[in-house]
Amino acid sequence: AAGELPRLAPLASALIGEIAANPQPDADTLDDWQDRLAALTDSLDWPSAVPEPALVRELAQARGQLSTLRKARQADREQHLAHLRRRRHALKRMIEEGQLRPATRTHAWLEKQIAALPPRDADSERTALAPVSEALRQLHDWYEFASVPKKLELCERMEAMDARPADISAHAERVRELRERWNTLCAADPQADPELRERFERAAALAWAPCAAWYAEQHRIQD
């Protein structure tokens, strides 16, 4: 053991320096440190009857430090996974209650968090999320099916707006009302039904044109 010390001392010093310089290593770095530390310890195999030199004591301290880091990382991992489980259960309740918009946001957040997990944890969480994802898809399909007739009605109403309204204020208020109803209806998924969306937007632009012209004229007069 003593004969190995001169050869291993630079490697041990370098490892101790790395550990001291990085108090929050990622999982791969922590595994690498532990492997290197185990190899150094095994190579030194310092006899208990012989007083330990400072470097051997520093390696022992490094082992304790890595053990503490690993326990802390495990605690953080368990806490994070528990938080993901709680959010997944909350997502289930949102779907059961028909809350498509918050459910969609929560599902996207969960997918992003799962993508950042280590592979083994990510696979487990994706498996747990799969049936919830399917329930969300079904809810989305139901919303889309139920909303199409209402969207058609709003398109038709907007298209029927008078191109030359006698009461511009009442006309503008009606256009705004139809717009608000459209926005509310599409809030859960603004990108759904693109053809109907384009149809509504065209009709809304035409319906608003006399208002825009009237407001522009009023602004010119005031100036």
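Q: Before we start, what kind of model is it, and how are residues numbered?
A: The model is predicted, with local features needing pLDDT of at least 70, side-chain atom pairs counting only at pLDDT 80 or more, and totals for chains, interfaces and linings using all residues. Residues are numbered from 1 along each chain as its sequence is written, and side-chain values use heavy atoms, with hydrogens and water left out.

Q: OK, helix 3 and helix 5. At what angle do they pack?
A: About 10°, with the axes 10 Å apart. Helix 5 covers residues 119-159. Helices here are DSSP runs (H or I, at least four residues), numbered from the N terminus. Axes are lines fitted to C-alpha atoms over the stretch in contact, and angles run from 0 to 180 degrees between N-to-C directions.

Q: Parallel or antiparallel, then?
A: Helix 3 is roughly parallel to helix 5. Roughly parallel means an angle under 35 degrees, and roughly antiparallel means over 145.

Q: Which residues of helix 3 and helix 5 meet?
A: From helix 3, R77, L81, L84, R88, L91, K92 and I95. From helix 5, D121, E125, A128, L129, V132, A135, L136 and L139. Contact means heavy atoms within 4.5 Å.

Q: What classes of residue are in there?
A: The contact has 10 nonpolar, no polar and five charged residues. Ala, Val, Leu, Ile, Met, Phe, Trp, Tyr, Cys and Pro count as nonpolar; Asp, Glu, Lys and Arg as charged; the others, Gly among them, as polar.

Q: And helix 3 with helix 4: what angle do they pack at?
A: About 155°, with the axes 9 Å apart. Helix 4 is residues 100-115. That angle makes helix 3 roughly antiparallel to helix 4.

Q: Which residues meet there?
A: The helix 3 side has H80, H83, L84, R87, R88, L91, M94 and I95. The helix 4 side has P102, A103, T106, H107, W109, L110 and Q113. By class, these are eight nonpolar, five polar and two charged.

Q: New topic. Which residues touch the most others in the largest nonpolar core?
A: L59 and L66, in a core of 18 residues. A nonpolar core is a set of buried Ala, Val, Leu, Ile, Met, Phe, Trp, Tyr and Cys residues joined through side-chain atoms within 4.5 Å. Helix 1 (5-21), helix 2 (27-44) and helix 3 (54-96) each supply at least two residues of this core.

Q: What does L59 touch?
A: A12, I16, L37, L40 and L44, not counting residues up to four places away in sequence.

Q: How about L152, buried or partly exposed?
A: L152 is partly exposed, at 31% relative accessibility. L152 also lies in helix 5. With residues up to four places away set aside, L152 touches L196 and R199.

Q: Last one. Where is D193?
A: D193 is in the loop between helix 6 (168-186) and helix 7 (194-222). D193 counts as buried, at 13% relative accessibility. Its phi is near 50°, a positive value in a residue other than glycine.

Notes. Buried means under 20% relative accessible area, exposed over 50%, partly exposed in between (1.4 Å probe, protein chains only). Angles under 35 degrees count as roughly parallel, over 145 as roughly antiparallel, 65 to 115 as roughly perpendicular and the rest as oblique.
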